[in-house]
Amino acid sequence: MFYLKRILALFFLIVTLSFAEDNPKAVINLTTGDIEKFKMYLLNGLVNSAEYYKNNLKELKVVVVIHGDAYKFFIKDLQNSPYKDDRILLQNQKELEARLENLSKNYGVRFQMCAQGMKSKKIDSKTLYPFVELIENAFIGLVDWQNRGYAYVHIQ
């Protein structure tokens with residue numbers, strides 16, 4: 001009888017865990033070139049959201065698909081890029097790099113950049129931060145992540 005109760009308790013635990021909600025997942029379509037929007041919605045917003053879920057015993061999974069005017073925030077070597085004359089970007093680069101690296105290392109955020117758009121903007125992949133992955137194009141990346149159940153969020 002004792003073993004039957006333990007087996008039933010284990011069975012109910014397994015069933016309960018199998019119906020527990022999955023961790024939340026989002027794919028961010030990042031196109032903004034506005035540094036204030038970038039800081040507020042991506043850098044601050046992601047940390048705040050990740051902490052909210054962490055406090056509720058969940059892990060927020062995020063993939064950021066980079067294209068449009070957002071390329072400039074992910075370039076380590078600005079002097080060898082189309083953004084070498086952007087004074088505001090140059091003044092903020094160290095802070096942005098540290099905060100992006102924090103998102104990657106401490107919150108598991110994946111950054112994926114559209115290779116097709118990089119070609120048209122003449123951005124060399126060697127100039128990017130090491131935590132940035134290249135994908136064929138933004139459209140394919142966004143569709144693939146949404147088909148994996150990631151909620152779509154646009155920061156423009």
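1. A charge sits over a ring if NZ of Lys or CZ of Arg is within 6 Å of the ring centre and within 35 degrees of the ring normal. Arg148 meets this rule: it lies over the face of Trp145, at 4.3 Å from the ring centre.

2. The model is predicted, so local features need pLDDT of at least 70 and side-chain atom pairs count only at pLDDT 80 or more, while totals for chains, interfaces and linings use all residues. Residues are numbered from 1 along each chain as its sequence is written, and side-chain values use heavy atoms, with hydrogens and water left out.

3. Next, the aromatic rings. Rings of Phe, Tyr and Trp (for Trp, the six-membered ring) pair if their centres lie within 6.5 Å; planes under 30 degrees apart count as stacked, over 60 as edge-to-face and the rest as tilted. By this rule there are seven aromatic pairs. In one of them, Phe38 and Phe73 have ring centres 4.0 Å apart and planes at 10°, so the pair is stacked.

4. Where do Phe38 and Phe73 lie? Phe38 is in helix 2 (residues 35-55) and Phe73 is in the loop between strand 2 (61-66) and helix 3 (87-107), so the pair ties together parts that are 35 residues apart in sequence. Helices (H or I, at least four residues) and strands (E, at least two) are DSSP runs, numbered from the N terminus.

5. Phe74 is buried, as is Phe38.

6. Strand 1 (residues 25-30) has five of its six residues buried, so the rest of the structure largely encloses it. Two strands pair if DSSP finds at least two bridges between them. Strand 1 pairs with strand 2 in the parallel sense over six bridges, and with strand 5 (residues 151-155), again in the parallel sense, over five bridges. Ile28 has Val64 as its bridge partner in strand 2 and stands opposite Val153 in strand 5.

Methods. Buried means under 20% relative accessible area, exposed over 50%, partly exposed in between (1.4 Å probe, protein chains only).
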